[in-house]
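Work through the exercises below with the sequence and the coordinates at hand, and try each task before reading its solution.

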Amino acid sequence: MKILKQCLLLFGILAMCKWIAPLLPLPIPSTVLAMLVLLLLLGFKIIRPEQLQDTASFLVQHITLFLIPAALAFVAQLDTLASVWLPLVLIAIVSGVVIMVVTGGVIQFLLRRDADV
Amino acid sequence: MFNTITQAPEFGIFLTIGAYVLAYAIAKRVRVKGVNPMQLAIILGVIILVGLRIPYENYQHGGVWIAQLLGPASMGLVIPLYEKRQLFFRHARVILIGIFCGLVAGLCVTIPLLYVFDIPYELFGAVLAKNSTGPIALELVSLLEQPTYLVMLMVVISGLFGYTFGNQILNAVRIKHPVAKGIALGSCSHIVGTARAMENSPEEGAMGSLSILITGFMYLLVIPWIMTWLGI
C-alpha cells in the first residue's frame, strides 16, 4: 500500500503538470514542470521526502533502464546516420573536453580566490 | 509468425529489461573500467534488433511501456537535490558561474563544428542538448520539434566519454578540487559521469548529482534561445 500511495503522488503530480504545462506562457516540458513542482512542494514542506523515498530511489537507481528505448531509436535511422556519425562523435568528444575543463577550471579558480581573500 | 511475436508489447518489455539485467550482470562480473550497464544494454539491444532484423516500430510497442517510467524517475532525481540544498547554497554563486561558463564555452566550439561538418539542421537540437541529462535532453528536443532518435545516443556518448576519460583530463589540467571535479563531471557527462565522481569520493558524487539538474535546467533555458538565434 505504501508503494501504491507513493506512485499515486508521483503520477498525480505528473498528470496535473501535463494538463497545466501547455497553458503556461513559456514552453516548458511537463516532466520538467513536475520536477520543479515537486521541488517547491518539498521546499514548502507540503511533502516530506519519506512520502516518496522508496519508489523514487528504486526508479532513480534504474533510471538508465527507462532511457534504453529512446537510446535504441537510432537503429531505425542507420541510413541517415551512416554519413554523419564520425563528425558527431568528434563533436561530442571535443565539446566534452572543453565543457569539463572550463567548468572545472572556473570553479577551482573562484574557490581558490575566495579562500585567499 | 516472427513478426507477430516481436510486435507484441511483451516482446519489447522483455527485450529491454532482459538486455539491462544481462548487461548489469556482465558489468559486475567483468569490472573493466569504462564498462557500464547502459552502454552494454544498448549494444545488446542493437545486436538483437539489427541481427534479427526486427523493425524498431515493432520493438517500440513494448518500449513505450518502459519509457513511460522516465517521468516518475526524473521526479525522483529532485529528492537528492532537495536533500543537498545546503551544499548548493554554500557554493551557489561559484557553481552557477562555473556551469554557465562551461555551457557557453561548449556552445562556442559545438556550433562552428556543426557548420564545418555540414550536419543536417534537424540534428542540431540533439547535438546541442547532449550534455544535459537524458530526460531533460529528450524533452528539450521534442520541445524544439526536432526528431528525437539521435539525442539519447549523443547523451550516452557524452556520458561514456566523461566516465572513461574524465579523471585523466581533469588531472592533466590540474583540476583537483573535489567541488570543481564533481561539478565538471556532472555538467559534461550527467548521470554516467556522476557515477565516476561517486567512485572518486562521496563529496564529488554529491556535487555531480547537484550539477546534473542545474546544468539540465540551464540547457532548457538557453538552447531554445540559441536555436531561434541560429534561425532554425
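**Exercise 1.** Determine whether Lys181(B) is buried or exposed, and then find its salt-bridge partner.

*Solution.* Lys181(B) has a relative accessibility of 11% and therefore counts as buried, where buried means under 20% relative accessible area, exposed over 50%, and partly exposed in between (1.4 Å probe, protein chains only). Its partner is Glu204(B), with 3.9 Å between the closest N and O atoms; a salt bridge requires a side-chain nitrogen of Lys or Arg within 4 Å of a carboxyl oxygen of Asp or Glu. Because Glu204(B) lies in helix H12 (residues 202-230) and Lys181(B) in helix H11 (residues 178-200), both of chain B, the pair ties together parts 23 residues apart in sequence; helices are DSSP runs (H or I, at least four residues) numbered from the N terminus. Glu204(B) is also buried, at 5%.

This is a predicted model, in which local features need pLDDT of at least 70 and side-chain atom pairs count only at pLDDT 80 or more, while totals for chains, interfaces and linings use all residues. Residues are numbered from 1 along each chain as its sequence is written, chains are lettered from A and ligands numbered from 1 in the order in which they are written, and side-chain values use heavy atoms, leaving out hydrogens and water.

**Exercise 2.** Describe the salt bridge between Glu199(B) and Arg196(B).

*Solution.* The closest N and O atoms are 3.1 Å apart, and the two residues, three apart in helix H11 of chain B, are separated by about one helical turn. Glu199(B) is partly exposed at 47%, whereas Arg196(B) is buried at 5%.
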